[in-house]
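Hi,

Here is the structure I promised to pass on. Have a look at it first, and my notes follow below.

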Amino acid sequence: MSYGVSSALQAAVYQTLVNDTNVAGLVGTSVFDALPAGTLPPLYVVLGAENVRDASDKTGGGALHEFTVTVVTESAGFATAKTAAAAVSDALVDADLMLSRGSLVSLNFYKAKAARVGTGDVRQINLIFRARVADDT
């Protein structure tokens with residue numbers, strides 16, 4: 001198994017979301033690797049948890065990464081969150097990410113969960129993607 005590509009994958013996912021015009025058109029610069037201190041914007045995207053398992057084969061080391069990208073909005077209803085989540089999905093599915101280590105074999109949508117947060121208007125969608133990577137080092 002190789003966990004060596006994890007940081008490179010995260011950086012490439014982040015850069016893809018930050019540079020995607022559709023995502024930026026909806027959330028502006030509010031794509032975060034980690035939540036900033038202070039007041040959060042009314043709509044944002046944040047990278048989340050990751051589960052990784054071995055996907056090595058005879059050709060070398062590799063891993064299957066299941067990672068979460070979360071869309072959060074203070075808008076009542078799910079329409080705003082779903083529109084932003086669709087843009088995130090469109091930006092990532094089958095993206096040709098350039099990694100600083102290793103290579104991306106595939107990147108696919110796996111599942112999502114939309115939920116209310118608390119009793120107010122906050123809505124959250126957790127999108128889970130599967131990325132198969134090869135560690136070419």
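**Notes on the core and the sheet**

Leaving aside residues up to four places away in sequence, L17 touches V23, V31, V45, L47, V69, V88, A91 and L92 (contact here means heavy atoms within 4.5 Å). Before you read on: this is a predicted model, where local features need pLDDT of at least 70 and side-chain atom pairs count only at pLDDT 80 or more, while totals for chains, interfaces and linings use all residues. Residues are numbered from 1 along each chain as its sequence is written, and side-chain values use heavy atoms, with hydrogens and water left out.

L17 and V88 have the most contacts inside the largest nonpolar core, a set of 33 residues (buried Ala, Val, Leu, Ile, Met, Phe, Trp, Tyr and Cys joined through side-chain atoms within 4.5 Å; buried is under 20% relative accessible area with a 1.4 Å probe, protein chains only). At least two residues each come from α1, α2, β2, β3, α3, β4 and β5, and α3 gives the most, with 7. Helices are DSSP runs of H or I, at least four residues, and strands are E runs of at least two, numbered from the N terminus.

As for the sheet, 5 strands form an open, mixed one in the order β1-β2-β3-β5-β4 (strands pair if DSSP finds at least two bridges between them). β1 (31-32) and β4 are at the edges with a single partner strand each, so one side of each has no neighbour in the sheet. β2 and β3 run antiparallel, joined by 10 bridges, and N51 stands opposite E66 in β3.

Cheers

Notes. Buried < 20%, exposed > 50% of the residue type's maximum accessible area, 1.4 Å probe, protein only.
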